[in-house]
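Subject: Structure handover

Hello,

Please find the structure below, with the sequence alongside. My notes on it follow.

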Amino acid sequence: MTSLLQLSQVRAGYGVGPDILDTVTLNIEEGRSYCIIGPNGAGKSTLLKVICGILAPRDGEVLFRGAPVGGMRPDELLRIGICYVPQERTVFPAMTVRENLMMGAYSITDRNMIQTRMQRVIEMFPILGERWAQLGGTLSGGEQQMVTLGRALMVNPTLMMIDEPSLGLAPQVADQIFATIQGLGDLGITVLLVEQNAHKGLRCADWGIVLDLGTNRFEGPATGILEDPRIRELYLGTTVAATKESDQ
Amino acid sequence: MTNFLQVLILGLILGGVYALMASGLTLLFGVMRVVNLAHAAFMILAAYIAFFAFDIYQVDPVVSIAITMPVMFALGVGVYLLLFRRIEGTERYVEMTVLMTFGLALTIEGLLTFFFTGIFRSTRPSYATQSFFFADLFLPKGQAIATGVSIALLAMLWAFLTFTKTGTAVRATMQNRTAAEIVGVNVRRISAISFGMGMALAGAAGSLLSYLFAFFPSRHWQWVAILLSLIVLGGMGSLKGAILGALTLAVASAFVTDRFGPSWSPITFYLALFLVLMFRPQGLFGKVVRI
C-alpha cells in the first residue's frame, strides 16, 4: 500500500485559544478505511478540519501524496481529491436535492461526468431520486445526511473524511449510512471516519486510530482494537489522570 | 377611490427605489453577516459622483449609473480586501464589523463634508419635475423612471444569482457558508464579489437618489435607518424579503403622508421596525437562528 496522507507533529487550535491538536503524527494509506475514535474533546473534528483546509495548522507538516498541503484553502484541497463531510448539517436549505448535488459538482465542468456521477448517487440513495425537486431544508435528518454524502461523492474524492455521520439519526437510518460508508472502499475511496459510536464506526473500517488530548495514542486493526486494555483505561479516564500526573 | 389609487401608485413607485437601495444591504448581510451601517453613506457618495457628473459634464443621473456602479464595485472590493478580510473568522467578528462599518460611515460623511460642505444638493434633469397623467391620476416621471431602472437592475441581479455559476456560489454562501466552502467555493472570492456588488447596487441607488431626493453628507443616517427597517421586516439576508419589505413600507408611508402629513412619514418605518422586532423578529422571510 502506498501512503496517501502523512501528518507529522501537527499542532492546531482556534483563534487565540490553546492547542487542540498537540503533535499529531499519522500515516494514512491509500485504499484503506480508517475510523478515529476517542473521548469528547480529543480533537477528532479539529483533525479533520486541518486536513481539509478549514483550519490552518499552527505547526507541523501535512503531506498529500508527498506534496506539502498544510495551510491550503478547502477549494484547492478539494481539487486534488480531499473532501470533507462535517458533523453539522450542511445541506443548502433553499436549494432542491438536485441543486444540492449540482453544488457538489461546483469544481467540475464536464457535463457528462456530472450526469454519470449524479446517476451513481441516485443508485446509492434511491430515496434522493424521489425527493429530487424537494428543498434541502425540508428533508429529514437521514435524507439530509444522504444529500451531504451524495454531494461529496460528486467530486469522486480520493480521500473522504466524514465527521459523526450517525449524529442525531435513528438507529436504522444510521445503519444504512454506515453500510454506504462501508461500500465507499469499493469505489476506490480512502475513508477517514470520525465516530462517537466506536463499535459501529470501527465495524465499517479496516483500521482504528485512538485520539486523546489532541494526540494519537495508538492505532491498530479495527477488529480487536476495542479489546485493547488501553481503550478501557482511556474511556475510564486513567490515561488522562496518568498524563496529568506526568505533567506535574 | 381615485385618491386611494393615487397614493398607492406613489407608494409603489417609491418602493421600487427603496428595494434597490435595500438589496445591496441585504445581500451583504446574507453573504458575509455584515450589517453595513455605511451602506447609505456609500449611496450618498455615489449621489455626489452623479451630482458632479451632471453639474460639470451634463451626464444624465440615470446614465451616471454606468459610472457609479463600476466605481463603487471597485471601492467595495477594495474596502473588503483592506478592512474586512483580515477579521474574517476572528472572535467577535459581528461586533467588529458593526463598529467598522459605523466608522466607515463617519469617515465618508466627514470627507464629503470637508470637500463638498453640508449644503443641500440635487441633480435637476428635466424629467425630475415632469409627470405623466392618466385620467385623474398622475405619475411623477422621475420616480417612474427610477423605479423602472430599479426593477431592471433587480431583475439583472436575480438573473445573475439564478443562472450564473458565480451567482449560484453567492446563493450557496448565503445559505450555508461552511457547506459552500466544502464543495469548493472560494468563499473569500465570493465575499469580495458580494461586497463589490453590494456597493455597486448602493452606487446605482445613489445615482437615482441624486435627483429624487435632496441630499447632504449627513443625510445617510436617515436613509440607513429606513433601509434597516425594510430588511428587518423582510428578514435579514433575504432578497425577496427586502423587495417586499420595501414595497410594503413605501406604500404604508405614502398613506401615512397622505393622512397625517409628510412629517409623520419616517415614523412608519420605525414603528414597523418596532412591531416586527416585537412580534416576528426573524422578519417575513428570515429564518430563526438559534444561538
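Before the notes on the two chains, one term is needed: two residues are in contact if their C-beta atoms, placed from the backbone, lie within 7 Å. Please also keep in mind that this is a predicted model.

Where the chains meet

The contact draws on 20 residues of chain A and 14 residues of chain B. On the side of chain B that touches chain A, the elements giving two or more residues are α6 (165-175) and α7 (177-182) of chain B. The largest share of that side, four residues, belongs to α7(B). Sorted by class, the side of chain B that touches chain A has six nonpolar, six polar and two charged residues.

Strands

Chain A has an open sheet of four strands, paired antiparallel in the order β2-β1-β4-β5. Which strands stand at the edges? They are β2 (21-29) and β5 (67-68) of chain A; each has a single partner strand, so one side of each lacks a neighbour in the sheet. Within this chain, β1 (residues 3-12) and β2(A) run antiparallel and are joined by six bridges. If you want a place to look, find Leu7(A), which stands opposite Leu26(A) in β2(A).

In chain B, strand β1 (residues 131-134) and strand β2 (residues 137-140) also run antiparallel, with four bridges joining them. Phe134(B) stands opposite Leu137(B) in β2(B). β1(B) and β2(B) form a hairpin with two residues between them, and Ala135(B) in the turn has a positive phi of about 50°.

The core

The largest nonpolar core holds 165 residues, and the members that touch the most others are Met43(B) and Leu227(B). Helix α8 (residues 187-212) of chain B supplies the largest share of this core, 16 residues. What is Leu227(B) in contact with, leaving aside its neighbours within four places in sequence? The list is Met21(B), Ala22(B), Leu25(B), His39(B) and Ala40(B).

A helix pair in chain A

Helix α3 (residues 97-104) and helix α6 (residues 141-153) of chain A have axes that come within 7 Å and cross at roughly 35°. The crossing of α3(A) and α6(A) is right-handed. From α3(A), the contact is made by Val97(A), Asn100(A), Leu101(A), Met103(A) and Gly104(A); from α6(A), by Val147(A), Gly150(A), Arg151(A) and Ala152(A). By class, the contact of α3(A) with α6(A) has five nonpolar, three polar and one charged residues.

Regards

How values were computed
Residues are numbered from 1 along each chain as its sequence is written. Chains are lettered from A and ligands numbered from 1 in the order in which they are written. This is a predicted model: local features need pLDDT of at least 70, side-chain atom pairs count only at pLDDT 80 or more; totals for chains, interfaces and linings use all residues. Ala, Val, Leu, Ile, Met, Phe, Trp, Tyr, Cys and Pro count as nonpolar, Asp, Glu, Lys and Arg as charged, and the others, Gly among them, as polar. Two strands pair if DSSP finds at least two bridges between them. A nonpolar core is a set of buried Ala, Val, Leu, Ile, Met, Phe, Trp, Tyr and Cys residues joined through C-beta atoms within 7 Å. A residue is buried if 20 or more other C-beta atoms lie within 10 Å of its own, exposed if 12 or fewer, and partly exposed in between; C-beta atoms are placed from the backbone. Axes are lines fitted to C-alpha atoms, for helices over the stretch in contact, and angles run from 0 to 180 degrees between N-to-C directions. A crossing is left-handed if the near helix is turned anticlockwise from the far one by less than a right angle, and right-handed if clockwise.
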